[in-house]
Amino acid sequence: MASPTGTQKVVVMDPDTSTQGVESAALARVVLVANQKGGVGKTSIVTALAGLIARPDRRVLVVDADPQGNATSSDLGVDGDRGRGLMMALQYGEPPKVERDVRPGLDLVAGGPLLAQVGALTATATQTGLDLVANLRAALAQVCVAGGYSVVLIDSGPGDAPLLDALLRVTRYLVVPTKDDDASLSGVELLALRYLKARQEGALVQLLGVVLFDANPRATARNGQVLTDLDGLLDGSGSSSFQTIIRSDRAAALDLRSAHLTPAELVAATAEQNKSRLARLRSGGKHRADRAAADGAEPVRLWSRDPSALASDYQALARELLTRIAGAESGARA
Ligand SMILES: Nc1ncnc2c1ncn2[C@@H]1O[C@H](COP(=O)(O)OP(=O)(O)OP(=O)(O)O)[C@@H](O)[C@H]1O
Ligand SMILES: [Mg+2]
């Protein structure tokens with residue numbers, strides 16, 4: 001706007017240098033994947049996306065905030081500290097231990113059974129003056145600043161309302177996976193209520209969308225109906241369900257978890273296994289794998305023949321996620 005003297009007046013906004021402002025800036029790329037319903041793909045989505053997005057020049061952090069520790073021990077194949085570091089972060093605001101480069105460019109804050117104590121901590125929080133949210137925010141902000149992460153993906157467990165409520169108040173974005181059965185869809189509804197409550201209490205969290213998981217890609221009419229229903233559930237949140245659906249592939253799911261592979265690693269491993277199988281057929285059983293078996297070494301048996309379609313679903317979801325984050329960021333700047 002022109003000033004009364006006719007010269008342009010430029011208003012420079014001071015950056016928010018309060019502790020809260022600095023921490024919020026550090027946590028600007030934190031994405032929580034949550035649904036209180038169990039088995040809807042939270043962990044699979046977190047580890048698959050992390051594996052696909054991470055590169056040495058585009059660092060990603062996975063925070064395993066689940067007492068089951070599936071992301072840590074099963075999917076990423078890391079021993080971890082059983083959730084001790086994260087528990088200390090919640091209790092004292094200390095930055096948790098970060099397992100560096102569990103894959104190129106991929107760091108991990110481990111989960112595990114010690115996180116099951118969060119419920120007991122919150123039960124006595126009023127007497128002890130414990131502020132889980134402030135502690136977690138301070139600890140995670142320090143980790144984010146030190147690691148310079150492009151994206152931080154938090155995996156959360158089923159149920160566990162106190163920890164989930166703390167995570168909703170620390171995270172910037174929320175992604176909600178669901179299967180297409182009624183129980184899972186009710187889980188989305190329940191989470192939507194928790195999300196709205198967190199927002200009403202001043203949390204910055206923004207719903208990026210719901211992802212349909214373990215779905216039949218050929219059931220287009222059914223999937224379309226579920227996505228429409230989900231959009232109805234999200235009405236008023238400013239968000240819509242993700243276009244990408246994660247297809248059902250039980251053989252690949254089994255391999256990903258039991259062999260501790262990311263989808264891209266599984267695609268490479270099955271290609272290698274298929275090549276060995278072919279070479280074995282051609283060489284009449286004199287192949288390296290047969291010799292290894294004869295020597296007593298157990299070759300890793302993979303059940304999937306071609307997990308590439310599932311891997312492309314995750315690729316598409318990773319692209320959609322990054323596009324939605326970029327859209328939210330440019331919306332916030334405008
Ligand atoms: N594409 C897939 N198709 C079918 N099953 C899958 C697929 N991907 C993963 N699974 C299986 O679905 C189950 C649930 O997945 P996952 O553990 O990711 O869900 P979750 O929401 O994290 O569960 P929890 O609430 O217990 O933490 C697991 O047994 C996993 O191996
Ligand atoms: Mg899980």
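User: Where does Val 40 lie?

Analyst: Val 40 sits in the loop that links strand 1 (30-33) to helix 2 (42-53). Helices (H or I, at least four residues) and strands (E, at least two) are DSSP runs, numbered from the N terminus. The model is predicted: local features need pLDDT of at least 70, side-chain atom pairs count only at pLDDT 80 or more, and totals for chains, interfaces and linings use all residues. Residues are numbered from 1 along each chain as its sequence is written, and side-chain values use heavy atoms, with hydrogens and water left out.

User: Why is Val 40 called buried?

Analyst: Its relative accessible area is 1%. Buried means under 20% relative accessible area, exposed over 50%, partly exposed in between (1.4 Å probe, protein chains only). Val 40 is therefore buried.

User: Which residues does Val 40 contact, leaving aside its neighbours within four places in sequence?

Analyst: Contact means heavy atoms within 4.5 Å. By that rule the partners are Asn 35, Pro 177, Thr 178, Lys 179, Ser 184 and Phe 213. Lys 179 is 139 residues from Val 40 in sequence, yet their C-alpha atoms are 5.6 Å apart.

User: Why are helix 4 and helix 7 called oblique to each other?

Analyst: Helix 4 (residues 84-92) and helix 7 (residues 132-147) pack at about 120°. Axes are lines fitted to C-alpha atoms, for helices over the stretch in contact, and angles run from 0 to 180 degrees between N-to-C directions. Under 35 degrees counts as roughly parallel, over 145 as roughly antiparallel, 65 to 115 as roughly perpendicular and the rest as oblique. The pair is therefore oblique. The axes of helix 4 and helix 7 are 6 Å apart.

User: What makes up the contact of helix 4 with helix 7?

Analyst: Seven nonpolar residues, two polar and no charged. Ala, Val, Leu, Ile, Met, Phe, Trp, Tyr, Cys and Pro count as nonpolar, Asp, Glu, Lys and Arg as charged, and the others, Gly among them, as polar.

User: What makes strand 3 and strand 8 edge strands?

Analyst: Two strands pair if DSSP finds at least two bridges between them. Strand 3 (99-103) and strand 8 (245-247) each pair on one side only. The open sheet has the order 3-4-2-5-1-6-7-8, with mixed pairing.

User: How many bridges join strand 1 to strand 5?

Analyst: Four, and the two strands run parallel. Val 30 has Val 152 as its bridge partner in strand 5.

Notes
Chains lettered and ligands numbered in written order.
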